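Here is a short note on charged side chains and their partners. Please read it beside the structure.

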Amino acid sequence: MKKLLAISFLLLFSSLSVADHFVTLGNYQFRTGTSTFRTEYVDQKGNAYQEGHRIMTDVTGQRSFDLSRTLRVPPSRLDVRSIKIDSSYVMVRELSRVPDQIEYQGLVVVNYHYRVRVSRD
């Protein structure tokens with residue numbers, strides 16, 4: 001009898017969780033985004049990479065709620081808990097404003113995804 005009761009509860013709760021899962025998926029749409037962060041110009045290429053990696057570490061260590069502000073994700077119907085970083089990398093851009101003087105700027109590129117609520121019309 002206890003075994004039958006346990007199986008009944010298991011079936012009831014598993015069917016409820018599956019129903020919630022499909023309803024949740026039906027109300028959300030997944031989107032992707034890319035944000036780029038820039039360092040200050042420096043005179044050494046290695047310093048530009050270091051600053052870029054420092055920014056990248058700061059961004060990738062944030063919680064979803066903080067990422068929504070840092071990455072400037074559009075807030076309309078956004079599920080702030082869903083923001084996840086897919087990849088990030090650092091590259092360096094060279095610039096010369098005067099002859100024989102090169103400046104370097106680190107660029108941090110962050111690719112991410114998130115979900116938004118869609119209305120059922």
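1. Which side chain meets that of arginine 63 in a salt bridge? Aspartate 66 does, at 3.6 Å, N to O. A salt bridge is a side-chain nitrogen of Lys or Arg within 4 Å of a carboxyl oxygen of Asp or Glu. Arginine 63 is exposed at 57% relative accessibility, and aspartate 66 is partly exposed at 29%. Buried means under 20% relative accessible area, exposed over 50%, partly exposed in between (1.4 Å probe, protein chains only).

2. This is a predicted model: local features need pLDDT of at least 70, side-chain atom pairs pLDDT 80 or more, while totals for chains, interfaces and linings use all residues. Numbering starts from 1 along each chain as its sequence is written, and side-chain values use heavy atoms, without hydrogens and water.

3. The structure holds 7 salt bridges. One of them joins aspartate 79 and arginine 115, with the closest N and O atoms 2.7 Å apart. Aspartate 79 lies in the loop between helix H3 (64–70) and strand E2 (84–98), and arginine 115 in strand E3, so the pair ties together parts 36 residues apart in sequence. Helices (H or I, at least four residues) and strands (E, at least two) are DSSP runs, numbered from the N terminus. Aspartate 79 is buried, at 4%.

4. Arginine 115 also lies over the face of tyrosine 28, 4.0 Å from the ring centre. The cut-offs: NZ of Lys or CZ of Arg within 6 Å of the ring centre and within 35 degrees of the ring normal. Arginine 97 lies over tyrosine 41 at 5.0 Å.
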